[in-house]
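Here is a short report on how two parts of one protein chain meet. Look at the structure first, then read on.

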Amino acid sequence: MKRIYLAFAAALLAGCAAGPPIDTTYYSLQHRSRVQWLIIHYTALDFPTSLRVLTQQRVSSHYLVGERPATIYRLVDEDRSAYHAGLSSWQGYTNLNDSSIGIEIVNLGYEGAPLNRTWPEYPPEQVEAVVALVKKIVAEHGIRPDRILGHSDIAPQRKTDPGPKFPWKRLADEGLITWPDAARVASRIPIHEALLPDVLWFQDRLAQHGFAVPKNGVLDEPTRRVVAAFQMKYRPAVFDGLPDAQTAALLEVLTTP
Ligand SMILES: [Zn+2]
(Lines give C-alpha, C1' and ligand atoms only; values in the text may rest on other atoms or scores of the structure.)
Protein backbone atom coordinates (compact mmCIF):
# COMPACT_ATOMS: atom_id res chain seq x y z
CA MET A 1 0.00 0.00 0.00
CA LYS A 2 2.76 2.35 0.98
CA ARG A 3 4.67 1.51 -2.21
CA ILE A 4 1.65 2.34 -4.35
CA TYR A 5 1.24 5.60 -2.51
CA LEU A 6 4.88 6.48 -3.15
CA ALA A 7 4.60 5.65 -6.84
CA PHE A 8 1.46 7.77 -7.01
CA ALA A 9 3.24 10.66 -5.34
CA ALA A 10 6.21 10.27 -7.68
CA ALA A 11 3.92 10.32 -10.71
CA LEU A 12 2.25 13.47 -9.44
CA LEU A 13 5.61 15.09 -8.87
CA ALA A 14 6.70 14.17 -12.38
CA GLY A 15 3.57 15.84 -13.70
CA CYS A 16 2.22 12.56 -15.14
CA ALA A 17 -1.25 11.08 -14.85
CA ALA A 18 -1.45 8.68 -11.94
CA GLY A 19 -1.42 4.97 -12.76
CA PRO A 20 -0.34 1.63 -11.34
CA PRO A 21 3.39 0.98 -11.06
CA ILE A 22 4.75 -0.81 -14.15
CA ASP A 23 7.89 -2.89 -14.15
CA THR A 24 9.73 -2.55 -17.47
CA THR A 25 12.61 -4.89 -16.65
CA TYR A 26 11.63 -7.33 -19.43
CA TYR A 27 10.97 -6.63 -23.10
CA SER A 28 9.60 -8.88 -25.82
CA LEU A 29 11.43 -9.59 -29.04
CA GLN A 30 8.15 -9.76 -30.96
CA HIS A 31 6.74 -6.40 -31.99
CA ARG A 32 6.35 -4.14 -34.97
CA SER A 33 5.19 -0.63 -35.75
CA ARG A 34 1.46 0.05 -35.82
CA VAL A 35 2.12 2.32 -38.81
CA GLN A 36 1.45 0.48 -42.04
CA TRP A 37 0.72 3.25 -44.53
CA LEU A 38 2.29 6.47 -45.66
CA ILE A 39 -0.04 8.96 -47.32
CA ILE A 40 1.20 11.93 -49.33
CA HIS A 41 -0.80 15.14 -49.81
CA TYR A 42 -0.51 18.66 -51.07
CA THR A 43 -2.08 21.35 -48.94
CA ALA A 44 -3.64 23.43 -51.79
CA LEU A 45 -2.84 26.41 -49.53
CA ASP A 46 0.11 28.70 -49.01
CA PHE A 47 2.46 28.02 -46.11
CA PRO A 48 0.98 30.28 -43.40
CA THR A 49 -2.54 29.10 -44.15
CA SER A 50 -1.42 25.45 -44.29
CA LEU A 51 0.22 25.78 -40.91
CA ARG A 52 -2.82 27.42 -39.38
CA VAL A 53 -5.28 24.88 -40.77
CA LEU A 54 -3.15 21.86 -39.84
CA THR A 55 -2.47 22.99 -36.30
CA GLN A 56 -5.70 24.74 -35.32
CA GLN A 57 -8.57 23.22 -37.29
CA ARG A 58 -10.13 19.79 -37.57
CA VAL A 59 -7.51 18.36 -39.90
CA SER A 60 -3.89 17.53 -39.14
CA SER A 61 -0.92 15.60 -40.44
CA HIS A 62 2.23 14.26 -38.89
CA TYR A 63 4.48 16.29 -41.17
CA LEU A 64 4.28 19.51 -43.13
CA VAL A 65 6.96 20.21 -45.73
CA GLY A 66 7.40 23.89 -46.62
CA GLU A 67 8.07 25.10 -50.14
CA ARG A 68 10.91 27.64 -49.93
CA PRO A 69 12.62 26.85 -47.63
CA ALA A 70 11.56 23.21 -47.60
CA THR A 71 11.59 22.93 -43.83
CA ILE A 72 10.11 19.70 -42.45
CA TYR A 73 7.78 20.36 -39.53
CA ARG A 74 6.43 17.60 -37.29
CA LEU A 75 2.96 18.61 -36.16
CA VAL A 76 1.78 15.31 -34.67
CA ASP A 77 3.90 12.58 -33.02
CA GLU A 78 4.16 9.45 -35.13
CA ASP A 79 2.62 7.29 -32.41
CA ARG A 80 -0.56 9.40 -32.43
CA SER A 81 -3.26 9.40 -35.14
CA ALA A 82 -3.61 12.51 -37.29
CA TYR A 83 -6.69 13.49 -39.32
CA HIS A 84 -5.46 13.56 -42.90
CA ALA A 85 -6.92 10.60 -44.80
CA GLY A 86 -10.65 10.91 -44.11
CA LEU A 87 -12.94 8.41 -45.79
CA SER A 88 -10.40 6.17 -47.48
CA SER A 89 -9.82 2.71 -48.89
CA TRP A 90 -6.97 0.67 -50.37
CA GLN A 91 -6.75 -3.08 -50.96
CA GLY A 92 -9.96 -3.40 -48.97
CA TYR A 93 -8.52 -1.65 -45.92
CA THR A 94 -10.47 1.38 -44.74
CA ASN A 95 -10.11 4.22 -42.24
CA LEU A 96 -6.41 4.59 -42.92
CA ASN A 97 -5.97 7.52 -40.49
CA ASP A 98 -5.39 5.19 -37.59
CA SER A 99 -2.59 3.17 -39.16
CA SER A 100 -0.88 5.75 -41.34
CA ILE A 101 1.54 8.64 -41.27
CA GLY A 102 0.52 11.69 -43.29
CA ILE A 103 2.85 14.08 -45.07
CA GLU A 104 1.36 17.38 -46.24
CA ILE A 105 3.44 19.25 -48.82
CA VAL A 106 2.90 22.97 -49.36
CA ASN A 107 1.76 23.27 -52.98
CA LEU A 108 -1.18 25.24 -54.29
CA GLY A 109 -2.72 22.39 -56.26
CA TYR A 110 -4.59 23.14 -59.44
CA GLU A 111 -5.94 26.42 -60.77
CA GLY A 112 -8.52 26.97 -63.49
CA ALA A 113 -11.59 25.24 -64.87
CA PRO A 114 -11.70 21.41 -65.16
CA LEU A 115 -10.60 21.34 -68.81
CA ASN A 116 -7.94 24.00 -68.43
CA ARG A 117 -6.17 23.32 -65.18
CA THR A 118 -2.60 24.26 -64.37
CA TRP A 119 -0.58 22.59 -61.64
CA PRO A 120 2.44 24.22 -59.96
CA GLU A 121 5.73 22.30 -59.89
CA TYR A 122 7.26 20.99 -56.69
CA PRO A 123 10.62 22.80 -56.37
CA PRO A 124 13.67 20.44 -56.37
CA GLU A 125 14.62 21.41 -52.82
CA GLN A 126 11.15 20.43 -51.63
CA VAL A 127 11.27 17.12 -53.52
CA GLU A 128 14.60 16.27 -51.87
CA ALA A 129 13.15 17.02 -48.44
CA VAL A 130 10.12 14.81 -49.11
CA VAL A 131 12.25 11.93 -50.45
CA ALA A 132 14.53 12.06 -47.40
CA LEU A 133 11.51 12.15 -45.08
CA VAL A 134 9.80 9.24 -46.82
CA LYS A 135 13.01 7.19 -46.60
CA LYS A 136 13.32 7.86 -42.88
CA ILE A 137 9.70 6.95 -42.13
CA VAL A 138 9.80 3.82 -44.28
CA ALA A 139 13.02 2.63 -42.62
CA GLU A 140 11.66 3.22 -39.12
CA HIS A 141 8.28 1.58 -39.64
CA GLY A 142 9.00 -1.03 -42.31
CA ILE A 143 6.26 0.31 -44.60
CA ARG A 144 5.71 -1.82 -47.74
CA PRO A 145 6.26 -0.22 -51.17
CA ASP A 146 2.61 -0.77 -52.14
CA ARG A 147 1.49 1.13 -49.06
CA ILE A 148 3.15 4.44 -49.89
CA LEU A 149 0.25 6.21 -51.52
CA GLY A 150 -1.26 9.51 -52.54
CA HIS A 151 -4.49 10.86 -51.11
CA SER A 152 -5.94 10.48 -54.63
CA ASP A 153 -5.21 6.72 -54.48
CA ILE A 154 -7.14 6.13 -51.29
CA ALA A 155 -9.92 8.69 -51.92
CA PRO A 156 -10.11 9.07 -55.75
CA GLN A 157 -13.70 10.34 -55.70
CA ARG A 158 -12.84 13.30 -53.48
CA LYS A 159 -9.16 14.04 -53.87
CA THR A 160 -6.55 14.86 -56.52
CA ASP A 161 -3.53 15.39 -54.28
CA PRO A 162 -0.56 15.16 -54.51
CA GLY A 163 -1.43 15.71 -58.21
CA PRO A 164 0.28 15.05 -61.56
CA LYS A 165 3.41 17.05 -60.72
CA PHE A 166 4.33 14.90 -57.77
CA PRO A 167 7.46 12.88 -58.74
CA TRP A 168 6.31 9.32 -58.03
CA LYS A 169 8.93 8.05 -60.47
CA ARG A 170 11.58 9.57 -58.24
CA LEU A 171 10.28 7.54 -55.28
CA ALA A 172 10.45 4.46 -57.52
CA ASP A 173 14.05 5.26 -58.52
CA GLU A 174 14.88 5.41 -54.82
CA GLY A 175 13.44 1.90 -54.41
CA LEU A 176 10.57 3.18 -52.27
CA ILE A 177 7.61 2.20 -54.47
CA THR A 178 7.01 -0.36 -57.21
CA TRP A 179 7.09 0.89 -60.80
CA PRO A 180 5.95 -0.87 -63.97
CA ASP A 181 8.88 -2.14 -66.03
CA ALA A 182 9.17 0.10 -69.12
CA ALA A 183 10.16 -2.71 -71.53
CA ARG A 184 7.24 -4.88 -70.46
CA VAL A 185 4.85 -1.93 -70.79
CA ALA A 186 6.17 -1.12 -74.29
CA SER A 187 5.70 -4.74 -75.39
CA ARG A 188 2.05 -4.75 -74.29
CA ILE A 189 0.97 -1.44 -75.84
CA PRO A 190 0.56 -2.72 -79.45
CA ILE A 191 -1.57 -5.61 -78.20
CA HIS A 192 -3.93 -3.24 -76.40
CA GLU A 193 -3.90 -0.84 -79.34
CA ALA A 194 -5.17 -3.63 -81.57
CA LEU A 195 -7.95 -4.44 -79.12
CA LEU A 196 -8.56 -2.28 -76.08
CA PRO A 197 -9.82 -4.30 -73.09
CA ASP A 198 -13.40 -3.52 -72.04
CA VAL A 199 -14.35 -1.34 -69.07
CA LEU A 200 -14.89 -4.32 -66.78
CA TRP A 201 -11.28 -5.42 -67.40
CA PHE A 202 -10.07 -1.97 -66.37
CA GLN A 203 -12.29 -2.00 -63.29
CA ASP A 204 -11.06 -5.47 -62.28
CA ARG A 205 -7.43 -4.53 -62.69
CA LEU A 206 -7.81 -1.20 -60.87
CA ALA A 207 -9.44 -3.07 -57.97
CA GLN A 208 -6.65 -5.65 -58.02
CA HIS A 209 -4.14 -2.80 -57.85
CA GLY A 210 -5.85 -1.47 -54.72
CA PHE A 211 -8.50 1.09 -55.70
CA ALA A 212 -12.09 1.11 -54.52
CA VAL A 213 -13.82 1.16 -57.93
CA PRO A 214 -17.25 0.22 -59.32
CA LYS A 215 -17.46 -3.19 -61.05
CA ASN A 216 -20.35 -2.59 -63.41
CA GLY A 217 -18.67 -2.54 -66.82
CA VAL A 218 -19.74 1.08 -67.32
CA LEU A 219 -17.38 4.02 -67.85
CA ASP A 220 -19.28 6.11 -65.31
CA GLU A 221 -17.99 9.17 -63.47
CA PRO A 222 -16.68 7.24 -60.42
CA THR A 223 -14.75 4.88 -62.73
CA ARG A 224 -13.28 7.75 -64.73
CA ARG A 225 -12.06 9.37 -61.55
CA VAL A 226 -10.26 6.20 -60.56
CA VAL A 227 -8.71 5.83 -64.03
CA ALA A 228 -7.59 9.46 -63.82
CA ALA A 229 -6.03 8.91 -60.37
CA PHE A 230 -4.10 5.94 -61.76
CA GLN A 231 -2.94 7.91 -64.82
CA MET A 232 -1.93 10.91 -62.73
CA LYS A 233 0.56 8.72 -60.91
CA TYR A 234 1.95 6.46 -63.63
CA ARG A 235 1.32 8.48 -66.82
CA PRO A 236 0.95 12.11 -65.75
CA ALA A 237 1.18 13.50 -69.31
CA VAL A 238 -2.49 12.64 -69.90
CA PHE A 239 -4.93 11.93 -67.08
CA ASP A 240 -8.32 12.38 -68.70
CA GLY A 241 -9.76 9.26 -67.06
CA LEU A 242 -10.34 7.59 -70.43
CA PRO A 243 -9.08 4.02 -70.85
CA ASP A 244 -6.37 3.75 -73.52
CA ALA A 245 -3.70 1.27 -74.62
CA GLN A 246 -0.87 2.73 -72.54
CA THR A 247 -3.01 2.84 -69.42
CA ALA A 248 -4.02 -0.79 -70.03
CA ALA A 249 -0.36 -1.81 -70.47
CA LEU A 250 0.72 -0.02 -67.27
CA LEU A 251 -2.12 -1.57 -65.32
CA GLU A 252 -1.52 -5.02 -66.74
CA VAL A 253 2.19 -4.98 -65.89
CA LEU A 254 1.55 -3.67 -62.37
CA THR A 255 -1.04 -6.33 -61.62
CA THR A 256 0.68 -9.29 -63.31
CA PRO A 257 3.43 -10.76 -61.14
ZN1 LIG B 1 -4.94 15.28 -49.02
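Keep in mind that the model is predicted. Where they touch, domain 1 brings 14 residues and domain 2 brings 12 residues.

How much area do domain 1 and domain 2 bury between them? The figure is about 1,200 Å². Carbon and sulfur atoms carry 61% of that area. On the side of domain 1, three residues stand out: W90, Q157 and P164. Together they supply 42% of the area that domain 1 buries against domain 2, more than any other three residues.

Now for the polar side of the interface. Domain 1 and domain 2 share 3 residue pairs in polar contact. The interface also has 1 salt bridge. Which side chains meet in a salt bridge? They are those of D153 and K233, with 2.8 Å from N to O.

Several elements build the side of domain 1 that touches domain 2. Each one in this table supplies at least two residues to that side.

| Element | Residues |
|---|---|
| β4 | 89-90 |
| β7 | 148-150 |
| α4 | 151-154 |

What kinds of residues make up this side of domain 1? There are 7 nonpolar, 6 polar and 1 charged.

Terms used
Residues numbered from 1 in each chain as written. Predicted model: local features only at pLDDT ≥ 70, side-chain atom pairs only at ≥ 80, totals over all residues. Heavy atoms only, no water. Contact = heavy atoms within 4.5 Å. Buried area = accessible area lost by both parts, 1.4 Å probe. Salt bridge = Lys/Arg side-chain N within 4 Å of Asp/Glu carboxyl O. Polar contact = N/O pair within 3.5 Å; in protein donor to acceptor, adjacent residues only side chain to side chain. Helix = DSSP H or I, 4+ residues; strand = E, 2+ residues; numbered from the N terminus. Nonpolar A, V, L, I, M, F, W, Y, C, P; charged D, E, K, R; others polar.
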